[in-house]
Amino acid sequence: MATVSPASDFAPVAASAAAPARVRDPRLDFYRGIAMFIILIAHIPNDPWAKWIPARFGFSDATEIFVFCSGMASAIAFGGAFARKGWWMGTARVSFRIWQVYWAHICLFFFVAMSMAALDQTGLFQKTYISSLNLQHFFNDPAPQIVGLFTLTYVPNYFDILPMYLVVLAMMPLFMGLSRIGFWAVALTSVLIWLVAQFDYLDLPAEPWSDRQWFFNPFGWQLLFFTGFAFMRGWIPAPPVSKTLIWAAALFLIFSMPFGSWKVFTWINAAAPDLAAEIRKVWPLTAEFRNKTDFGLFRYLHFLSLAYLGWVVAGEHGHRLIATGQGAAAKVWQFLLTVITKVGQQSLAVFVFSMAAARLIGVGLDLSGRDVASVFVANMIGFAMIIGVAYLAGWFKSQPWKSKK
């Protein structure tokens, strides 16, 4: 990763030669693509495959992958704009992205709400899909909820990731301004904001009829986003490949497993019931440290351990994510890498689509039942759809209707 001096981030065009080139890191797109598949599974209602996603075996889950990789991608897309064009134009570039994400959030909500209402109107189901997403307040009294939706004071649980991302993006000009002082100013501010969020002083209201706060507190999650941002900008050096660090990361992941899933407790109960009882005594003590809303410390450490091992496995510059060879196995691996990377490159379009598609796939499973074959077919259809969306989004972004120079 290229190192960029903080001062260069605010020199306008004259410093463009010193700005890092916009190069796609294969590790970034690959792991973000993996996260998109996991997120789809996690949001399909009562999908048995969700029992086996990484969140069931540790503190962190695909949300951390998405936020961390978004920070890295933002360093390339938006950090470069600050470096090439100066602070004001960089801020304008970020504002345009905020505008895009904001309307993606609004459209996603209305499409899903419409879909749930349409299903309930058929009268074919014993359950109410509006209530399954706790949207009855919206339909019973839509006027104030529409105002809340557009002002982000009404954030239903299922629609909480993009609002968090919006606020974190809005913090980027602040941190790029602080980088003029030095990286220590960025790091200190980020950590202090995160610490204050741990004591619930920066909670944001999610709905007017209760005390519920945003499920993802952006002032907690910004720590992870700007960690990825700092790595990609070169503010934090890449960690060494060390056996000590590898063992430390692996052991932390292993010892975190009992706190991530009832599935692991089932195994522990069968193998060592006394150990399971002792772990249950410790469980409440870890609650705040693994808190998902404010992004607890254990989630941060767990993800960094997982990310470090993923970084080591990918190899220098991600060379192990570049398929070579002529055999059948190499061709299969190359195909998988290409597809997963494409999904990672179009993460916003894929994410928005998958959140809408997951609910409809869940309806299909309600009709067919959740036997092994039905679940397999449903998930494969979901995978095929998000892959198709990724390629379609890439095709549109290439603007094939324009004449090539």
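This is a predicted model: local features need pLDDT of at least 70, side-chain atom pairs count only at pLDDT 80 or more; totals for chains, interfaces and linings use all residues.
Helix 11 covers residues 218-233 and helix 15 covers residues 297-314. Their axes are 11 Å apart and meet at an angle of about 25°. Angles under 35 degrees count as roughly parallel, and helix 11 and helix 15 are therefore roughly parallel to each other. Their crossing is right-handed. On the side of helix 11, the contact is made by Trp-221, Leu-223, Leu-224 and Thr-227. On the side of helix 15, it is made by Arg-299, Tyr-300, Phe-303 and Leu-304. Sorted by class, the residues in this contact are six nonpolar, one polar and one charged.

The aromatic side chains come next. The structure holds 41 aromatic pairs. One of them joins Phe-109 and Tyr-154, whose ring centres are 6.2 Å apart and whose planes stand at 80°. Planes over 60 degrees apart count as edge-to-face, and this pair is given that label. Phe-109 belongs to helix 4 (residues 87-122), while Tyr-154 sits in the loop between helix 7 (142-151) and helix 8 (161-170). The pair therefore ties together parts that are 45 residues apart in sequence. Phe-109 and Tyr-154 are both buried.

Trp-395 and Phe-396 form another edge-to-face pair, with 5.0 Å from centre to centre and 75° between the planes. Are these two residues buried or partly exposed? Trp-395 has a relative accessibility of 45%, so it counts as partly exposed. Phe-396, with a relative accessible area of 44%, is partly exposed.

Phe-109 and Tyr-154 also belong to one aromatic cluster. Among its other members are Trp-99, Tyr-102, Trp-103 and Phe-110. The cluster also includes Phe-138, Phe-139, Phe-150, Tyr-158, Phe-159 and Trp-209.

The backbone has some points to look at as well. Most residues other than glycine have a negative phi. Asp-200 is not a glycine, yet its phi is positive, at about 65°. Asp-200 is placed in the loop between helix 10 (183-198) and helix 11. Its relative accessibility is 45%, so Asp-200 counts as partly exposed. Gln-399 is also not a glycine and has a positive phi, of about 50°. Gln-399 is found in the segment after helix 18 (372-397). With a relative accessible area of 31%, Gln-399 is partly exposed.

Met-171 lies in the loop between helix 8 and helix 9 (172-178). Its relative accessible area is 8%, and buried means under 20%, so Met-171 is buried. Which residues does Met-171 touch, leaving aside those up to four places away in sequence? They are Ile-193, Phe-219, Gln-222 and Phe-226. From Met-171 to Thr-293 the separation is 122 residues in sequence and 18 Å in space, C-alpha to C-alpha.

Thr-91 is part of helix 4. At 15% relative accessibility, Thr-91 counts as buried. Not counting residues up to four places away in sequence, Thr-91 touches Phe-82 and Pro-173.

Technical notes:
Residues are numbered from 1 along each chain as its sequence is written. Side-chain values use heavy atoms; hydrogens and water are left out. Axes are lines fitted to C-alpha atoms, for helices over the stretch in contact, and angles run from 0 to 180 degrees between N-to-C directions. Helices (H or I, at least four residues) and strands (E, at least two) are DSSP runs, numbered from the N terminus. Angles under 35 degrees count as roughly parallel, over 145 as roughly antiparallel, 65 to 115 as roughly perpendicular and the rest as oblique. A crossing is left-handed if the near helix is turned anticlockwise from the far one by less than a right angle, and right-handed if clockwise. Contact means heavy atoms within 4.5 Å. Ala, Val, Leu, Ile, Met, Phe, Trp, Tyr, Cys and Pro count as nonpolar, Asp, Glu, Lys and Arg as charged, and the others, Gly among them, as polar. Rings of Phe, Tyr and Trp (its six-membered ring) pair if their centres lie within 6.5 Å; planes under 30 degrees apart count as stacked, over 60 as edge-to-face and the rest as tilted. Buried means under 20% relative accessible area, exposed over 50%, partly exposed in between (1.4 Å probe, protein chains only).
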